[in-house]
Amino acid sequence: MHPFSATRPPKLALGLGLVGLIPFVSGALGLWVTPEAWRERVLEELLAYAAIVLAFMGAIHWGLAMRAGEESSQAPVQLALSVIPPLLGWVGLSLPINLALPVFFTAFATLYFADVWAVRHGLAPVWYPALRKPLSILVVLSLMVAWLAVGRVF
């Protein structure tokens with residue numbers, strides 16, 4: 001696989017990350033152009049996908065913590081924190097829409113900083129922020145566009 005110390009993300013990871021943006025971007029834009037009868041369904045699917053991705057991102061941190069050596073004092077912190085993203089996704093799904101979207105975009109923005117923290121502590125690959133930063137920006141912007149659409153149409 002790709003060296004942990006590489007500065008550029010693997011092309012496959014970048015490509016798959018970009019493909020993973022499709023539901024975020026299409027869902028956010030869909031709220032602006034979809035016929036009114038379908039908007040609630042588009043929003044439900046967007047939020048469900050966001051919750052799934054938060055769980056996936058938490059699982060990445062769980063896996064990285066498990067990979068750390070026994071001497072790592074930060075790995076237990078990362079392991080404990082890895083359960084927060086899926087919990088935020090779960091909470092977000094139970095909130096009213098006007099509160100759920102800010103929970104989601106705040107969770108994704110904060111998760112990027114957790115990724116940077118993990119790199120600084122040697123728990124994640126050096127290239128990880130270079131992958132996560134553009135993806136995180138596009139996810140957060142998509143969720144903000146969706147939030148604006150919700151204020152406009154719901």
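Tutor: Here's a close look at helix H3 and its contacts with two other helices. Keep in mind that this is a predicted model.

H3 covers residues 36-67, and its axis comes within 11 Å of the axis of H6, residues 97-120. The two cross at roughly 25°; with angles under 35 degrees counting as roughly parallel, H3 and H6 are therefore roughly parallel to each other. The crossing is left-handed. On the H3 side, the residues that meet H6 are Leu43, Leu47, Ala50, Ala51, Val53, Leu54, Met57 and His61. Their partners in H6 are Ile97, Ala100, Leu101, Phe104, Ala107, Phe108, Leu111, Ala114, Asp115 and Ala118. Sorted by class, that contact has 16 nonpolar residues, one polar and one charged.

Now for H5, residues 84-94: its axis and that of H3 come within 7 Å and cross at roughly 165°. That angle makes H3 roughly antiparallel to H5. Here, too, H3 passes its partner in a left-handed crossing. H3 brings Leu47, Ala48, Ala51, Leu54, Ala55 and Gly58 to this contact, while H5 brings Pro85, Pro86, Leu88, Gly89 and Leu93. The class count is nine nonpolar, two polar and no charged residues.

Terms used: Residues numbered from 1 in each chain as written. Predicted model: local features only at pLDDT ≥ 70, side-chain atom pairs only at ≥ 80, totals over all residues. Heavy atoms only, no water. Axes fitted to C-alpha atoms, helices over the stretch in contact; angles between N-to-C directions. Helix = DSSP H or I, 4+ residues; strand = E, 2+ residues; numbered from the N terminus. Parallel < 35°, antiparallel > 145°, perpendicular 65-115°, else oblique. Left-handed = near helix turned anticlockwise from the far one by under 90°. Contact = heavy atoms within 4.5 Å. Nonpolar A, V, L, I, M, F, W, Y, C, P; charged D, E, K, R; others polar.
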